[in-house]
Amino acid sequence: MRHLSGLLLASAAIVALDGAPALAQSAAGAAITEKSISELGAMMASGRMSSEAIAQAYLARIAAMNRQGPKLRAVIAVNPDAIAAARAADARRKAGKRLGPLDGVPILIKDNIETLDPVATTAGSLALKDNVTLRDAPVVAELRKAGAIILGKTNLSEWANIRSSNSISGWSAIGGQVKNPYALDRTPCGSSSGTGSAVAASFAAAGLGTETDGSVVCPSSINGLVGLKPTIGLVSRSRVVPISHSQDTPGPMARSVTDAAILFSAMVATDPTDPATKDADAHKADFAAALKSASLKGVRIAVLRPEMRPDMAARYAAALDVLKAQGAVLVDVEQPKLDGLGEAEFQVLLTELKADLNSYLATTPAAVKTRTLADVIAFDAANKAAEMPFFGQETFIAAEKTRGLDDPEYLGARAKSLRLAGAEGIDVMLAKANAAILVEPTTGPAWLVEPVYGDQGGGPSSSELPAVSGYPNLTVPMGLVKGLPVGLSFIGKPYSEATLFGAGYVFEQASKARVAPRYLPQADIGPGQEGSAK
């Protein structure tokens, strides 16, 4: 089938151009590796590289490294229309009609977000291998309006990691196992694992992930990226394969705060098909414009110090020292006891998964035969060897047993989880510190990919409270722990993205903590590999 077998790799022409891993380091490949959106824009403005040449260079790098070389398996499909879109961007530039900083810049889209290109939106599942919708999710349409080139679709934890509690982050039946470019035997985290690995590996300038609880910030942290889980309601979720309308949101993932801010600026928009976004247009802004004037002098920051290993604690302490050196006033806080939050959140996710996925599947093309969650469960059981070689679908089965969005148990769980995470959680910590920003480690360093026991995790995690409350969470690289990236989370109240971007930018510029990946077979745990944050 053209949209799968023909596009799982780059086109034959691209493979012929760059069929060996070493060729990814050609002059064109070197020109785009680790380059920012602004740097790519300057190349196009000067005539040094066209958008078409930049897109070709990224496609060549994907061909050389996605299924060859380190075999990152970060990209599920490339867009056969990408080069035509790049040529159109070049024509606009030549005619003096440049659309803005994203015009002509290639980006990647997580494969649970629909695009109008002739490529399936699969969520990693064979059940959706024929889901060629030929329609853009509104968030993708906004990016196209800004001139972004949709280069392709990224691999992910199948069904965005909701099928089983024993899942392996970054594995999908269609895409296989995504690898972490810092250490190929380590997890890329999930569910936006392919976007995290691909952007870290310079397969594109930046990319889109989605988060329900941790699926943007964890892979961003573990792959050495900046990632934003936005305020719920700023970015449309329509035509995105859903888990939970209470918590789902797309978010930008990039190698710098500035690039994440540029991408996010183009994503914020009111969408009539997503009622949660009714006020989004009022919050549209150029989030990158004010970054260079951002300051932390006299800014009060609430500091959460969760339990963590000594090496992680040392890295976090070094990051806090950077904030203090930039003039921030750090105020330690403790997380209130939030008994029952996890159970309430899980009940919400189970109930909304069944309702929201059934609604989405009903809109898919007739070629998609799984029209309900029950159909997907049956499909997985009938295709167990391909779909369930490592873990099952007990979460799907539990969701199928839920009683709908009018169920009093669900309504009570949603009210409880929202109250605990927001009013009695983040709000309390910010109020005690008289602060607008809460910081904590995003998550620990990457664990080994483990097909027997599934994700092992461990260490701190910043994702639950902002995910459940709908508050924003920005993660910024804070260096390496035993050769593996870790991130610092900046969390605030709804619509505080500009404040978080500013704080993250000041930290990023002062720490210079991000280290580019080296595609090592195993983590480099030797001395001198701890990053440069001080």
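**Helix, loop, core and rings**

Q: How far apart are the end C-alpha atoms of helix α11 (residues 341–361)?
A: This is a predicted model, so keep that in mind throughout. Helix α11 has 21 residues, and at 1.5 Å a residue it should span 30 Å. The model agrees with that, since the end C-alpha atoms are apart by 29 Å.

Q: On which residue is the kink in α11 centred?
A: The helix has a bend along the way, with a kink of about 25°.

Q: How many of the 21 residues of α11 are buried?
A: The rest of the structure largely encloses α11.

Q: Is S169 buried or exposed?
A: S169 sits in the loop between β3 (149–154) and β4 (171–172). Its relative accessibility is 3%, and the cut-off for buried is under 20%. So S169 counts as buried.

Q: Which residue's side chain has a polar contact with the side chain of S169?
A: Leaving out residues up to four places away in sequence, S169 touches several others, including S157, N161, T187 and C189. The polar contact is 2.5 Å, and the partner is D455.

Q: How many residues are in the largest nonpolar core?
A: Among the members that touch the most others are L143, F203 and F501. F203 also contacts Y58, I62, M65 and L151, among others outside its four-place sequence neighbourhood. Apart from this core lies another of 19 residues, among them A127, V241, I243 and L357. The residue count of the largest one is 91.

Q: What kind of aromatic pair do W171 and F390 form?
A: A search of the whole structure turns up 7 aromatic pairs. For W171 and F390, the ring centres are 5.6 Å apart and the planes are at 90°. Planes over 60 degrees apart count that way, so the pair is edge-to-face.

Q: How many residues apart are W171 and F390?
A: W171 is in strand β4, while F390 is in the loop between α13 (384–387) and α14 (394–400). The pair therefore links distant parts of the chain, with a separation in residues of 219.

Q: Which residues do ring pairs link into a cluster?
A: W171 also forms an edge-to-face pair with F391, at 5.6 Å centre to centre and 80° between the planes. W171 and F391 are both buried, whereas F390, at 40% relative accessibility, counts as partly exposed. The cluster is W171, F390 and F391.

Key:
Residues numbered from 1 in each chain as written. Predicted model: local features only at pLDDT ≥ 70, side-chain atom pairs only at ≥ 80, totals over all residues. Heavy atoms only, no water. Helix = DSSP H or I, 4+ residues; strand = E, 2+ residues; numbered from the N terminus. Expected span 1.5 Å × (residues − 1). Bend = angle between axes of the 7 residues up to and from the residue. Buried < 20%, exposed > 50% of the residue type's maximum accessible area, 1.4 Å probe, protein only. Polar contact = N/O pair within 3.5 Å; in protein donor to acceptor, adjacent residues only side chain to side chain. Contact = heavy atoms within 4.5 Å. Core = buried A, V, L, I, M, F, W, Y, C linked by side-chain atoms within 4.5 Å. Phe/Tyr/Trp six-rings, centres within 6.5 Å; stacked < 30°, edge-to-face > 60°.
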